[in-house]
Amino acid sequence: MNTDSRCVRCGPVPPLHVPEHIGAEIVASVVERITATADPPGTPLWCPWPLPPGWTLTGVAYAGDDRTGVRATVVACAGPAPLGGGPADLVFVAEEPGVGLGTRLAGLTGPDPGPELVDALTDPGPGHPDHVGQARIKVGGHPTPLWLVNSPTDRSAYAGEARGMWLHAIAWPASAGHLLAEDVVLHDLTEWTPPELVYGAPSPYLPGRA
């Protein structure tokens, strides 16, 4: 038997597990799953903490099975758009190379953002009309750059690396990516889950409808 799911574009992929609801007990169960099937430190579950004002945690998910362990995790948040104009959604993906979940949500082709990052890393620099700025956030206490990659116009997508894994940040609508220009700090929920986390309605983006 083969426990892999299959993507029509990428072939076999780890199965994605998305709880229907969100709350403290759901986060605890996902954390338990991650830590039970991984050699420390395992795949991080990156969550903005503290959450931006007015924002809530709207979903968690993981990709993997009993044979391979957890190979990717997702955290979704929602709140007021940083530039006004309504609600916004923000999804953070941590994954091993070759999983492809982050690129799927970002609307990219291929399992990894490497080709997109090659273009971003050859950016001509400030002052040039083709310059693309970086998002600089803190991940696990360390300043971490994320580079803007090409994505559909309904979202903005950033990619980088943290703890030896790909880190993706995808925002809907595209203007919500400005949130990453603020003082965003990502905390690994597998190390500690803040009891003050506020939960909102389940994210519409986690089941793959992005």
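**Close-up views of a predicted model**

**View 1. Strands β8 and β9 pair in the antiparallel sense, with six bridges between them.** In this predicted model, β8 covers residues 134-139 and β9 covers residues 142-149. One of the bridges joins Lys-138 to its partner Pro-143 in β9. The two strands form a hairpin in which two residues lie between them. Gly-140, in the turn, has a positive phi of about 60°.

**View 2. Strand β8 has one covered face and one uncovered face.** Ala-135, Ile-137 and Val-139 make up the covered face. Gln-134, Arg-136 and Lys-138 belong to the uncovered face. Lys-138 is also the residue whose bridge partner in β9 is Pro-143.

**View 3. Strand β8 pairs with strand β12 in the parallel sense.** Strand β12 spans residues 185-188, and two bridges connect it to β8. Val-139, from the covered face of β8, has Leu-186 as its bridge partner in β12.

**View 4. Asp-66 and Arg-33 meet through their side chains in a salt bridge.** Side chains of opposite charge can pair when their charged atoms come close. The N to O distance in the pair of Asp-66 and Arg-33 is 2.7 Å. Asp-66 is exposed, with a relative accessible area of 64%, whereas Arg-33 is partly exposed, at 24%. The structure holds five salt bridges.

**View 5. Arg-71 and Glu-96 form a salt bridge.** Their closest N and O atoms are 3.0 Å apart. This pair links distant parts of the chain, since Arg-71 belongs to strand β6 and Glu-96 to the loop between β7 and α2, 25 residues apart. Arg-71 is partly exposed, with a relative accessible area of 21%, and Glu-96 is partly exposed at 25%.

**View 6. Arg-163, Asp-188 and Glu-191 are linked in a network of salt bridges.** Glu-191 counts as exposed, with 55% relative accessibility. Arg-163 counts as partly exposed, with 41%.

Conventions
Residues numbered from 1 in each chain as written. Predicted model: local features only at pLDDT ≥ 70, side-chain atom pairs only at ≥ 80, totals over all residues. Heavy atoms only, no water. Buried < 20%, exposed > 50% of the residue type's maximum accessible area, 1.4 Å probe, protein only. Helix = DSSP H or I, 4+ residues; strand = E, 2+ residues; numbered from the N terminus. Pairing = 2+ DSSP bridges. Salt bridge = Lys/Arg side-chain N within 4 Å of Asp/Glu carboxyl O.
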